[in-house]
Amino acid sequence: MKLQLQHYINGKWVGADSENTRDIINPFNQEVIATVPEGDESDAKAAIAAAREAFDNGEWASTPATERGAVVRKMAELIERDKEELAYLESLDTGKTMEESRGDMDDIAGVFRYYAELADKDGGELIDSPVSNSISRVVREPVGVCGQITPWNYPLLQASWKLAPALATGNTLIMKPSEITPLTTIKVFQLMEEAGVPAGVVNLVLGSGATIGAELSSNEDVDLISFTGGIVTGKKIMQAASSNVKKLALELGGKNPNIIFADADFEIAVDQALNGVFFHAGQICSAGTRLIVEESIHDEFVQALVERVKQFKLGSGFDEGTQMGPLISAEHRAKVEKYVETGINEGATLAVGGKRPEDPELQKGFFYLPTIFTDCTTEMAIVQEEAFGPVMTVEKFSAEEEAVKLANDSIYGLAGGVWTKDIAKAERCAGKMRMGTVWINDFNLYFPHAPWGGYKQSGIGRELGKSGLEEYTETKHIFQNLKPEPINWF
């Protein structure tokens, strides 16, 4: 199936009203891999109108949940069928390895399958009534028209977390993928057409957040906004969404602590600490970039990290043996470089990395060496601010209470980890850590059944799990009096 490099609005593939376009760049070598429409407010308004019409006057919201579930299940099957093509497009678009992208496609199919199974499981709830001869029940109904804005780091995985529950619950939607990584999202909209999703139910608009995202956030015909991205943009969306008091689901990143106690399995903790930070070049909202190590093993642990980091193989995501690909763009690499410069100026010790690689084969790509800072404190900007790149900061602690205090010293609260063989200690720490997810003797593990989201400024609401389904519903109480009588008040 040829990739349709266009918007998808009301069941049709169309160009931008303005006829403007944008080149999509391969971050490994800066080659143009596709040219897509660059939409604006008029395209967004057309998509919103289509979604509004499909929800208000179409049949999707009233389609039996079992039938909606069958369509969502068909999506899982089509993604599995086209796994290799999707993985290729994802690696081409993001620079990540094919092994990573194949794993993403397995996870994405799993998300669609999970919500397909949940689609018809909530038939409502009967609750007690204080009135005799009455029925009191609680039901969930679709929210309506949903605006969905996805990031560039996991383009299709993040899209699946939004698409699958929205469709399963009977909503209509407009999706705006990141303007720099739209290819797999375009492909999956072709698959939704093949799966039989009715015209107008799903709509795709390509373009920048400043135009398309702003219109989705402020337009009063949109009932919900689901956004994954940065905290600055998230706050702007909250302000714009106040126009009609939209429902909001926001995942705004994190600065995630990973606590290593002296009694942890040393080799496994080293391995997972590296994976927690440098997987996908650190471009992960849940990356464990704040390593908090017990003082008695700190020096040995850091030395082990540095020795391993020096052996990393950077390269093309299509080459066997590549462990880490490039950053997503020149602009993003410049931000990471500025962040590292800040760390040096703040007095942190640069233990390894901190520059671009010198390998001639990597000069065309947006590569940056994996970097570790030691002698870090919570007063430093590099400890408090999200780098979203291959940069680890290391802090020390000497007591359990201190470790938890350090971990919680952040405006974020997305995720964190604890490494220890002492189960009671692990549970005490997990109970006190103010985060949406805490891993014990693991890191960066997620799956469809478990809710995902953060405390504090890491966002509002949850994705995945039953909570992720409920985000796309409204709760209604229906009371029926089977034997009404006059009140005789007036």
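1. Strands E5 and E6 (residues 134–142) form an antiparallel pair over two bridges; two strands count as paired if DSSP finds at least two bridges between them. Within this pairing, Leu-126 lies opposite Arg-137 of E6. Helices (H or I, at least four residues) and strands (E, at least two) are DSSP runs, numbered from the N terminus.

2. The model is a predicted one, in which local features need pLDDT of at least 70 and side-chain atom pairs count only at pLDDT 80 or more, whereas totals for chains, interfaces and linings use all residues. Residues are numbered from 1 along each chain as its sequence is written, and side-chain values use heavy atoms, with hydrogens and water left out.

3. E5 and E6 belong to an open sheet of three strands, ordered E5-E6-E22 with antiparallel pairing. Its edge strands are E5 (125–126) and E22 (473–481), each of which pairs on one side only.

4. Ile-478 is located in strand E22. Its relative accessible area of 27% makes Ile-478 partly exposed; buried means under 20% relative accessible area, exposed over 50%, and partly exposed in between (1.4 Å probe, protein chains only). Apart from neighbours within four places in sequence, Ile-478 has contacts with Ile-135, Ser-136, Arg-137 and Val-139, where contact means heavy atoms within 4.5 Å. Ile-478 and Ser-136 are separated by 342 residues in sequence, yet their C-alpha atoms are 6.0 Å apart.

5. Helix H8 (residues 231–241) has the buried residues Ile-231, Gly-234, Ile-237 and Ala-241. Viewed down the axis of H8, these residues fall within an arc of 110°, so they line one face of the helix; the arc is that of the directions from the helix axis to the C-beta atoms. Val-232, Lys-236 and Gln-239 are exposed on the face turned away from the buried side of H8.

6. What do the buried residues of H8 pack against? Their partners are strand E7 (145–149), helix H7 (209–218), strand E10 (224–228), strand E11 (247–251) and strand E17 (412–413). Two of these partners, E10 and E11, pair with each other in the parallel sense over five bridges, and Phe-227 stands opposite Leu-250 in E11. Strand E11 is mostly covered, with four of its five residues buried.

7. The second largest pocket has a volume of about 550 Å³. Helix H4 (98–118) and helix H9 (266–278) are the elements that give two or more residues to its lining. That lining comprises 21 residues, of which Glu-99, Phe-279, Thr-322, Gln-323 and Met-324 lie nearest the centre of the pocket. By class, the lining residues divide into seven nonpolar, seven polar and seven charged. Ala, Val, Leu, Ile, Met, Phe, Trp, Tyr, Cys and Pro count as nonpolar, Asp, Glu, Lys and Arg as charged, and the others, Gly among them, as polar. On a 1 Å grid over the protein atoms alone, a pocket is an open set of points where a 1.4 Å probe fits, with protein on both sides within 12 Å along at least five of seven lines; lining residues have an atom within 4 Å of a point. Points are joined across faces, edges and corners, and the volume is the space filled by probe spheres set on them.

8. Most residues other than glycine have a negative phi. Gln-30, although not a glycine, has a positive phi of about 65°; Gln-30 is placed in the loop between strand E3 (21–25) and strand E4 (32–37). Asp-375 also has a positive phi, near 55°, and is found in the loop between strand E15 (371–374) and helix H12 (381–384). Gln-30 is partly exposed at 43% relative accessibility, and Asp-375 is partly exposed at 43%.
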